[in-house]
Each structure stands twice: as C-alpha cells, then as structure tokens.
Amino acid sequence: MTTSTSAPATPRRLRTTGHRRHTVVDSPYGPLTLVATDGVLSGLYMIGQRHRPPEETFGEPDPRPFTEAVRQLDAYFAGELREFDLPLCLDGTPFQRSVWAQLQLIPYGETRSYGELATSLGKPGASRAVGLANGKNPVGIIVPCHRVVGASGSLTGYGGGLDRKQRLLAFEKGGRGDTPDLSLF
C-alpha cells in the first residue's frame, strides 16, 4: 500500500488574481470538480455541495494541472493511498486555514470531534467556529473534513451530504464505502 511520509501541505492564502482552471473527474462518490489557481489545487467540489462556488469562478476547462491530484485520488479510492501529498492553495481566514491544517493531521480511518480540534488549536471553547470553518473547506476528501464528528461520535453535518460522509468513513474503516455500517462509528 502506498502512503505518503511527508507532512501535509500547509495551506496558504489564495491570490485572488490567479489564473484558474478546472476539470471534472468521476469518483465512487459522484463527479468531483477540481479547481487550480496558478496550477495549484485550490478546490475539490462535489455535486450539490454546500458552499460550492459558482461554476463561472472555476475558470476554463483544462485537465493538465490535475494529473497528480487525479493520480492520488484514484489511488485513494482504490485503497492504495492513505495520505495525500499535494501542494494546496487554500483561500480562507487565518482561523479557517489553521482548522484545515489540523484536519490534515487526522489519520486515515480515524475521527476527531469538533471540540478536540478546537482544543488542538488552543481554543477549547471554539468548537462551533471549528465546525463552521470545517464546512467551508474548499478541498474536501484531500483535506479530510469528513473525519470530524460530533462530541458523542455522531455524524453531524458535511458539506457533501451525510450519505457521502458515512460512505467515506466506512470506506476508510475498511468497509465497502457504498453500504455504511454505522456500528463502525
């Protein structure tokens, strides 16, 4: 099984004047729209995703900037990759970017609560703010916001829908991913 040993990419502020391109790829969870800004992955959006930007902001279609992202996504969906190693260009506030960096530290197949993430950020009372930042994650799956659950371990909101969240978590826990076994959580 292939895994990356390098540290997760540190999110950096997006240059709003950057050149944007996009492509759409198939996945077991439906079509995924990948967006690059100046050739660096800046978005991964699912159909019907909450906080999905308008399509006219994705730039021209062009699959060339996404060769490595597609390769790693294919390996992930095949069960051969557990940690992505891609440069990312994430647009958000400093707090959002700190939450997204913490998400990248949650190991494959594990979950953390919003409260645990808030505590890891040194802001134990900020679980609600962590949840809001989590929901605005522009690069789902690769920045694994699906690995965050409620304090009781319950599945709470997910921008891509609770069904996808259940399926992704079941997949990472060793389930088939298409028929979630909630006893795994």
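This is a predicted model: local features need pLDDT of at least 70, side-chain atom pairs count only at pLDDT 80 or more; totals for chains, interfaces and linings use all residues.
Residues are numbered from 1 along each chain as its sequence is written. Local features need pLDDT of at least 70 and side-chain atom pairs count only at pLDDT 80 or more, while totals for chains, interfaces and linings use all residues; side-chain values use heavy atoms, without hydrogens and water.

S4 runs parallel to S1 (residues 20–25), joined by two bridges, and His22 sits opposite Pro61 in S4.

Next come the helices, taken as DSSP H or I runs of at least four residues. The axes of H2 (residues 94–103) and H4 (residues 127–135) come within 9 Å and cross at roughly 80°; axes are lines fitted to C-alpha atoms, for helices over the stretch in contact, with angles from 0 to 180 degrees between N-to-C directions. H2 is therefore roughly perpendicular to H4 (65 to 115 degrees). In this contact (heavy atoms within 4.5 Å), H2 contributes Phe95, Gln96, Val99, Trp100 and Leu103, and H4 contributes Ala129, Val130, Ala133 and Asn134.

Finally, the cysteines: Cys89 is buried at 1% relative accessible area, and Cys145 is buried at 7% (buried means under 20%, with a 1.4 Å probe and protein chains only). The structure holds zero disulfides (cysteine sulfur atoms within 2.5 Å).

Note on methods:
Angles under 35 degrees count as roughly parallel, over 145 as roughly antiparallel, 65 to 115 as roughly perpendicular and the rest as oblique. Buried means under 20% relative accessible area, exposed over 50%, partly exposed in between (1.4 Å probe, protein chains only). Two strands pair if DSSP finds at least two bridges between them.
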